[in-house]
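Let's look at a model together and ask what stands behind the words used to describe it. Each answer sets a value beside its cut-off.

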Amino acid sequence: MKHSMVVAIAALPLIALPLLAQGTFDRSKPPELGAPPRVSLPPINTRELPNGLKLMIVEQHELPLADFTLVIGSGGTADPGGKSGVANLTAQMLREGTTSRKSLDIADQSSFLGISLFPQASWESTTLSLHTPTAQLDSALALFADVALHPSFPANEFDRIKKNRLTELLQLRDQGPAIANTAFPAILYGAGHPYGVPLIGTEASVTSLSAADLQSYYQANFKPNNATLIIVGDVNPAQIEQKINSLFGTWQRGNVAPLTYAEPPKASGTTIYLIDKPGAAQSSFRIGSVGVPRSTKDYFALTVMNTILGGSFSSRLNQNLREARGYTYGAASRFDMRRAAGPFTASAEIVSAKSDSALIEFLKELNNIRQTIPADELSRAKRYLQLQLPENFETTRDIAAALVPVALYNLPLDYYNTYVQNVEAVTKADVNRVAQQYINPSSLAIVIVGDRKTIEQALKSTNVGPITIRDISGQPIQ
Amino acid sequence: MIKPFRHVGVSNRAGYRSSEEKVRKSPTLVALSYLMALTALAAPLGAQAIPRIPFEKYKLPNGLEVILHEDHSTPIVAVDTWYHVGSGDELPGRTGFAHLFEHIMFMGSQHVPVGAFDQMLEAAGANNNGSTTEDRTNYYETLPSNALPLALWLDADRMGFLLPTMDLPKVNLQRDVVKNERRQRVDNVPYGRASETILAALYPKAHPYSWPVIGSMADLSAASLTDVQNFFKTYYAPNNATIAIAGDFDPATVKKLVQQYFGDIPRGPAVNRRTTVPAVTIPRDTFLVLEDKVQLPRVYYTWHSVKNFAPDDAALDLLAQILANDKNSRLYKKLVYELQTAQSVSAFQNGSRLDGLFRVTVTPKPGQKVADIDKVVRDEIANIIGNGVSQRELQRAQNVFKSGFLDELSSVLGKAEILNNYNYFVGNPDFVQQDVARYNRVTAADIQRVARTYLGKPKIVLTVVPEGKREMMLTSAAGAGGDR
């Protein structure tokens, strides 16, 4: 059956208005709801400057505001070998000085203008985001373009940023959840794969870096033909294109080396990797495997399946581990989908004394999700995904953020307008198939950071898998 | 003003993001027409440029207060119910109870089976949560506009019909969840116990802010089913609640629905909340030490200050910004940027309903002595007290604050929270322009004066040190100020 943007939801009778009782009413019956509102997401205008910079412009004239997000199609995966952290630190250094502005001047102007100017590197991209009132547009855009196009990577500023980063890395040792977040991908992917190395770098890699490393990363990747500028807000597309052209038009095109990814190591069997955090009040669980790339044809089926497993409050993992047993404040699961296959991760912070019981429940849910899903649970998950969509498009900043994956992964421009029907098309059989294909309880990496002295024996007696002791980086103990 | 760090409250559940499309729901600036007037050295910005939040407020015969604000820009609606009770209303031996009770409110009620609350809302495309502070407890839903009746029906059921299906297993279950929340936010977090240690030293024992919102493990263990029943009967009556509804709805329809669902919930006994607190006196600087599993020490300076919306509250907010919360702020620039002896520094004024505190926090870099950092902190504070701040520093802080202000107005949930917040603290839901004016009025002389008045007084100084390294603590013997 073909569905339009708004899908008729069978389980909730559709009527024009809520029924208002005449006199008494029956409190035991939930109200009957009218049809969900029709959501029309604003059209995306696309342009391309002669130097290859792509523009995605969405007009939103409700308020005199605009958001600009420059998406560079290179992130941590483009870090040179042994130099993890370069993309992340390059992004951070954009605001630390340009050929005409000093670090403190950039901060002073941003605060004084009341704008926000925020750089960030992720695995596959680096973004620079500007949020500004349109009346400030010219001065804000001048600062934005200067930071994007003319960073000078001053050695003294980098020296400070580097010391700061090394201290941050030291402080991560204090935090069990952070240790788990670092060790889990390191174990899953190994040091030979970019996803196995921390985005923020390691003590060894950061120590070895110089400002010249960042400069050359910038030169190699910050090219207009490797970038999209997302513009959302109270702008006129033709006029804003002119302004952008005058600021970004002289940006020189250049070749960007295509990325190649090593194959992640094949998992064999389920293993518990225990990392000691003496005295920890909770055990940090990260359980999973190598998942799927963003380009997977199973995207919607996986999204629905994960919503049922651990992607919502009433998902199975949270209902079991939190709402039925009280072992945790919250349990969740997610598929990180990137250019290559990112990790599938189920996670929770578990009270130490229940580490073994929680492990058993995790495994139970990862097995059960491979069984046929009851129809009401499936439809609840689909409706949750479909009907909460409008909330993601409330502000200009929301819309700009929603367009980043469209730009980065070449999703169709009508991606969100077809989202509801794509979710609707997912069948029980689809969910069952992707659960069986992508969740394999006999081949999981189980990373637990906790108080080894009190939990090791109990974990062992679960017989879930052999226990290997690792250090806080996820490496074998020498 | 609603500041993200002010509601250090404890919320109910972690957020869910199922895929990269579930983008960060970030607050955004709205209608910054006042900022349009900004030029290089603009004068303080006119309050009239801040948008008002048109509202309608009325009361049901049972005392339930209702605030409505229409915004049809996105087909969603926020329902935000405030109960006027928080951890400051707790009894001795029952710290953390208001927040534990908040959790129990999601466990179903007479017509809503356990688990159905979240299932029904999620099936309608809604997100929901709650939070508890010292002063109030809130419960909110954001929904597609067609699902508004569902939120009202669920909220009415737990307001009017919570106890018939309340039992000890529900209490025990959420007791375990909350204990895990405490572990996740406090006990298993580096420096996590600093705040409650300071509160206990700053405020006298009978002061309602002398214990943390999350409570102690022992008191959480002690909470009984009878406590839940009594607390509900005392505080969870319609005459102690305000519902703010903001977004895409038809007011006439909503009024009928509110009347239908909430109208016959009986009024409860009058709620008598405390209006005064024991006096806070700190005769001399008090130095404390707390050992923790940390790599680096951290120093917390805490002064007794003023309550929310007191005459000096806004000036203290701006002082915090000028002192530590910007790359060009006094302490950040000196300690983190120039000397590079500190890893981080921050400051805040936290005014609640009945009292307030001002805090500066500094983490030294490895190998740095807290006494050396302390000298810089004292010198910079003395410098502001002695010489004041520049117009540029003040203007920058005011502009940053105003941006934050308008961030709250960007979403229907933010507006519902603002309406409730002003209604509660100043009795006028649409107080946003007057609130901005509080910050506009602050002068450089005010900053100097409040620095002298509050930061010139004796304080609580806590050093969190790595286990076994008590000698790292800051003491007056190390040159840490003492009485001056």
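What follows is a set of questions and answers on this predicted model.

Q: How do you know which residue and chain a name refers to, and what confidence is required?
A: Residues count from 1 along each chain as its sequence is written, while chains are lettered from A and ligands numbered from 1 in the order in which they are written. As the model is predicted, local features need pLDDT of at least 70 and side-chain atom pairs count only at pLDDT 80 or more, whereas totals for chains, interfaces and linings use all residues.

Q: What makes β8 and β10 of chain A paired strands?
A: Strands are DSSP runs of E with at least two residues, helices are runs of H or I with at least four, and both are numbered from the N terminus. Two strands pair if DSSP finds at least two bridges between them. Strand β8 (residues 282-290) and strand β10 (residues 343-351) of chain A have 9 bridges, in the antiparallel sense, so they meet that definition. Within this pairing, A:Gly288 stands opposite A:Thr345 in β10(A).

Q: Why are β9 and β12 of chain A at the edges of their sheet?
A: The sheet is open, with 6 strands in the order β9-β10-β8-β11-β7-β12 (chain A) and mixed pairing. β9 (328-335) and β12 (467-470) of chain A each have a single partner strand, so one side of each lacks a neighbour in the sheet. From one strand to the next, the twist averages 20 degrees.

Q: Which helix packs on this sheet, and what is its direction relative to β11(A)?
A: Helix α5 (residues 176-189) of chain A does, touching β7 (271-276), β8, β10, β11 (445-450) and β12 of chain A. Its direction makes about 155 degrees with that of β11(A). Here axes are lines fitted to C-alpha atoms, for helices over the stretch in contact, and angles run from 0 to 180 degrees between N-to-C directions.

Q: What makes the two domains of chain A touch, and which element gives the most on the domain 1 side?
A: The bounds, domain 1 (45-248) and domain 2 (271-470), come from an automatic or database domain assignment. Their centres, taken over C-alpha atoms, are 29 Å apart. Residues are in contact if their C-beta atoms, placed from the backbone, lie within 7 Å; 28 residues from domain 1 of chain A and 27 from domain 2 of chain A take part. On the domain 1 side, α5(A) gives the most, with 9 residues.

Q: Why is α2(A) called oblique to α13(B)?
A: Helix α2 (residues 103-113) of chain A and helix α13 (residues 391-407) of chain B pack at about 55 degrees, with axes 7 Å apart. Angles under 35 degrees are roughly parallel, over 145 roughly antiparallel, 65 to 115 roughly perpendicular and the rest oblique, so α2(A) is oblique to α13(B).

Q: Why are α10(B) and α16(B) called roughly perpendicular?
A: The axes of helix α10 (residues 313-324) and helix α16 (residues 444-455) of chain B come within 9 Å and cross at roughly 90 degrees; the two helices are therefore roughly perpendicular to each other.

Q: How many residues of the contact of α10(B) with α16(B) are nonpolar, and what counts as nonpolar?
A: The contact has 9 nonpolar, no polar and 1 charged. Ala, Val, Leu, Ile, Met, Phe, Trp, Tyr, Cys and Pro count as nonpolar, Asp, Glu, Lys and Arg as charged, and the others, Gly among them, as polar. Among the residues that meet are B:Leu316 in α10(B) and B:Asp446 in α16(B).
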